[in-house]
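Reader: I'm new to this one, could you walk me through a few parts of it?
Author: Gladly; let us take it one topic at a time.

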Amino acid sequence: MAMPFFVPGDDPGASFPELLRRIGLQPAGPSAGGADIDVPHATTCIAMRYAEGVVMAGDRRATSGNLISHRSMEKVVQADRFSGVAIAGAAGPAMEMIKLFQLQLEHYEKVEGTSLSLEGKANQLSMMVRGNLPAAMQGMVVVPIFSGYDARRGTGRLWAYDVTGGRYEEQEYVATGSGSLHAGTVIKLAHRAQMTRDEAINLACRALWEAADADSATGGPDALRGIYPVVASITAEGWERVSDDDLASRFATMAADMRPRS
């Protein structure tokens, strides 16, 4: 395909989604009145602030009704060096939205010569969630969490979204998905603003453990298959994912601590 050209006043600028619309490559949404389909859904994700930045975490299970359709889905994804997205809802539209969001951030940086501010990234994701509203009205809801390290303020920041694209900055923690009530309660009771990275990771693991224990759509640690939640921190040094070996050790310790109580 030839490189598109635009006349002055019609240039889509640094918006990658707008560029796709201008050249006719914007994916068409589902038609109204379509048949109900049982699509895989992602479930519980959380994010919280700690002393040096933010920790994000999400379980790995995707369900289609009562069926476990995927056991190792990655719901927490790096958006760029200093931000990440966690998704709950219809898995297909959610993963497509994340890929488009990643391209948008890269496209903006190449066109403008500088990266978008963290709040600008949160606004851009809000527009994408709003664009999914027609699909959401048919059951394919996507509700992400966005978080990252704001170099201008020197702190981690968190945003939650609703299905209409409304974005809401949270001060301490945020949870989404079917197990969010259980995970959020665990964090609410133990969260402290000046937690260390190690303490925040342990709390995220405990929150997902309790969510999986109470919510069938949330997957817990699977030592047999070697499947553990996706957990990552974002600080002034950038995105850093916690290794599965590290998580295996943490969950083994957690299980040993809880066993005498059962």
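This is a predicted model: local features need pLDDT of at least 70, side-chain atom pairs count only at pLDDT 80 or more; totals for chains, interfaces and linings use all residues.

Reader: How far apart are the end C-alpha atoms of helix H6?
Author: They are 26 Å apart, which agrees with the 26 Å that its 18 residues, 197-214, should span at 1.5 Å a residue.

Reader: Changing topic, where is glycine 226?
Author: Glycine 226 sits in the loop between H6 and E12, and it is partly exposed, because its relative accessible area is 37%, a value between the 20% limit for buried and the 50% limit for exposed. Its C-alpha lies 9.7 Å from that of serine 72, although the two are 154 residues apart in sequence.

Reader: What about the second largest pocket, what volume does it have?
Author: Its volume is about 230 Å³. Of the 13 residues that line this pocket, Phe82, Ser115, Leu116, Lys121 and Tyr149 are the closest to its centre. Helix H3 (118-131) and strand E8 (142-150) are the elements that each give two or more residues to the lining.

Reader: How many of the lining residues are charged?
Author: The lining has 6 charged residues, alongside 5 nonpolar and 2 polar ones.

Definitions and conventions
Residues are numbered from 1 along each chain as its sequence is written. Side-chain values use heavy atoms; hydrogens and water are left out. On a 1 Å grid over the protein atoms alone, a cavity is a set of points where a 1.4 Å probe fits but cannot get out, and a pocket is an open set with protein on both sides within 12 Å along at least five of seven lines; lining residues have an atom within 4 Å of a point. Grid points are joined across faces, edges and corners, and a volume is the space filled by probe spheres set on the points. Helices (H or I, at least four residues) and strands (E, at least two) are DSSP runs, numbered from the N terminus. Ala, Val, Leu, Ile, Met, Phe, Trp, Tyr, Cys and Pro count as nonpolar, Asp, Glu, Lys and Arg as charged, and the others, Gly among them, as polar. The expected span of a helix is 1.5 Å times one less than its number of residues. Buried means under 20% relative accessible area, exposed over 50%, partly exposed in between (1.4 Å probe, protein chains only).
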